[in-house]
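Me: I've got a structure open and would like to talk it through. Can you help me find my way around?

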Amino acid sequence: MRPNTTTLEDQVKECAYSLGFDIVRITGPEPFASDEKAALKRIDDGHMNGYSWYTKERVHKMNHPKLLLESARSVISLAVSYLTTDPDVSTSKTGKVARYAWGDDYHNVLKSKLREFCLKLERITGKKVNSRIFVDDGPMNDRAAARRSGVGWFGKNTNILTSTHGSWVFLSQVITDVYLKPDAPLKKTCGNCVSCIDDCPTGAIIAPYVIDNEKCISYLTIELRGIVPRELRPLVGDWIFGCDICQDVCPVNRKALKARYTSFKQRPGFSTPDLVEILNMDQTDFSRKYKNSPIKRTKLVGLKRNACIALGNNGDIDALAPLINVLRTEESLIRIHAAWAIGHIGGKDAVAALECALRLEEDLDAIDEINLAIKEAKANLV
Ligand code: SF4
């Protein structure tokens with residue numbers, strides 16, 4: 001039971017809790033100076049390559065709440081858990097999807113809750129309130145706000161870790177012209193734990209709190225629009241949308257409380273989708289299945305590319321026929337990854353199919369890839 005509320009801050013927090021938010025804290029509108037400095041260094045060091053929208057101008061804006069709302073007097077920082085059930089059992093025919101994408105698109109769910117919250121804020125304060133809301137989609141440094149307000153602390157994998165719900169949280173913010181007394185940051189750290197660094201399969205966490213974006217499976221499977229580098233494909237494993245490894249191994253996450261929001265519960269089969277079903281999808285199937293799901297971000301072509309890599313890594317011989325079919329019918333980006341997967345699975349049928357495809361192929365990148373795949377498949381025959 002929470003104590004009876006009296007202060008304005010308590011009323012505001014109680015209102016957010018009643019709407020389903022799990023953690024609500026407050027910080028001031030001052031710039032996030034050290035976060036801005038760290039973000040600029042990440043850009044200079046090339047660790048944000050691939051995110052063309054992540055510019056120095058944007059970094060400046062996202063770390064100055066008053067540039068987002070001139071009259072800002074407070075930033076309300078909120079977190080809501082998306083930890084629901086365990087994932088379904090994986091097989092050699094399935095891929096894996098990061099937890100946050102098992103249910104409805106959080107942007108839509110949380111924005112509608114935040115709009116409701118802002119209306120209630122006017123009722124609580126008894127005056128017209130100017131506010132802006134952010135759910136991981138605008139120029140706002142959500143993690144800096146979460147850290148300074150005490151929602152959580154920075155984990156070495158760069159996620160915000162909360163004491164109660166671990167890092168399985170969606171962050172959101174309301175910048176408002178209502179003055180609210182700020183909360184203090186938490187005095188917590190990860191101590192000596194480096195589990196996330198040790199267990200990241202691609203070595204993307206190159207130092208505590210520093211991710212080399214271009215190596216991270218989340219980037220490779222969601223943001224990258226082109227060819228996944230060959231050397232990274234075996235390390236991607238069966239992840240086809242995001243990656244939860246550095247969160248799964250985090251000890252703080254083992255004690256995390258479950259989500260209250262039902263919108264984030266798993267849609268049937270979303271944690272471990274059937275990979276061949278993805279290969280066989282057309283645009284209508286894709287749009288229907290992933291309507292209001294974060295997965296639509298990768299687009300059909302990206303999801304098929306990722307499914308090819310996962311099938312190659314799973315090594316199930318039954319996947320050869322659908323992959324060979326893709327080699328005949330799909331666009332070049334998918335053909336390239338299908339060729340790799342066929343070569344990776346290997347065997348005489350794989351070599352024969354690749355040699356046949358080579359005779360018909362006209363795309364230069366695909367020709368290179370097929371030649372490499374034939375080499376790999378032949379090497380494994382010996
Ligand atoms: Fe590494 Fe996966 Fe974490 Fe990215 S999401 S840093 S690939 S463990």
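What follows is a chat about this predicted model.

Me: Before we start, what should I know about the numbering and the model?
Reply: Residues are numbered from 1 along each chain as its sequence is written. This is a predicted model, where local features need pLDDT of at least 70, side-chain atom pairs count only at pLDDT 80 or more, and totals for chains, interfaces and linings use all residues, while side-chain values use heavy atoms, with hydrogens and water left out.

Me: OK. How many helices and strands are there in the protein?
Reply: The protein has 18 helices and ten strands. Those are DSSP runs numbered from the N terminus: H or I of at least four residues for helices, E of at least two for strands.

Me: Why does the radius of gyration agree with a compact globule?
Reply: Because a compact globule of 382 residues would come out near 21 Å, and the protein has 23 Å. The radius is taken over C-alpha atoms, and the globule rule is 2.2 Å times the number of residues to the power 0.38. Along its principal axes, the C-alpha trace spans about 75 × 40 × 35 Å.

Me: What share of the residues is buried?
Reply: Buried residues are 52% of the 382. Buried means under 20% relative accessible area, exposed is over 50%, and partly exposed is in between, with a 1.4 Å probe and protein chains only.

Me: And what share of the contacts joins residues 24 or more positions apart?
Reply: Counting contacts with a separation of 6 or more, 76% are between residues 24 or more positions apart. A contact is heavy atoms within 4.5 Å.

Me: Switching to the nonpolar cores. Which residues have the most contacts inside the largest one?
Reply: Tyr54, Tyr290, Ile295, Leu323, Ile342 and Leu354, in a core of 66 residues. Another core lies apart from it, with 30 residues, among them Phe21, Val80, Tyr106 and Leu114. A nonpolar core here is a set of buried Ala, Val, Leu, Ile, Met, Phe, Trp, Tyr and Cys residues joined through side-chain atoms within 4.5 Å.

Me: Pick Leu354 then. What does Leu354 touch?
Reply: Setting aside residues up to four places away in sequence, Leu354 touches Leu327, Ala339, Ile342, Gly343, Ile370, Ala373, Ile374 and Ala377.

Me: Leu327 is in helix α15, I think. Which residues of α15 are buried?
Reply: Helix α15 covers residues 320–329, and its buried residues are Leu320, Pro322, Leu323, Ile324, Val326 and Leu327. Their cover includes α12 (275–279), α14 (299–314), α16 (332–345) and α17 (348–360).

Me: New topic: Ile23. Buried or exposed?
Reply: Ile23 counts as buried, at 10% relative accessibility. Ile23 sits in strand β1, residues 23–27.

Me: Which residues are in contact with Ile23?
Reply: Not counting residues up to four places away in sequence, Ile23 touches Tyr17, Ser77, Leu78, Ala79, Val151, Thr162, Thr164 and His165.

Me: Where is His165?
Reply: His165 is in the loop between β6 (160–161) and β7 (169–176). His165 is buried, with a relative accessible area of 6%. Beyond its neighbours within four places in sequence, His165 contacts Asp22, Ile23, Ser81, Asn253, Ala256, Leu257 and Lys258.

Me: And Leu83, what about that one?
Reply: Leu83 is in the loop between β2 (74–81) and β3 (96–97). Leu83 is buried too, at 7% relative accessibility. Leaving out neighbours within four places in sequence, Leu83 contacts Arg99, Trp168, Ala256, Leu257, Lys258 and Ala259.

Me: Which residue has a positive phi although it is not a glycine?
Reply: Asp136 is one of them, with a phi of about 55°. Asp136 lies in the loop between β4 (131–134) and α6 (142–149) and is partly exposed at 43% relative accessibility. Asn292 also has a positive phi of about 55°. Asn292 sits in the loop between α13 (283–289) and α14, and is partly exposed at 28%.

Me: Last one: is Thr6 buried or exposed?
Reply: Thr6 counts as exposed, at 63% relative accessibility. Thr6 lies in the segment before α1 (8–18).
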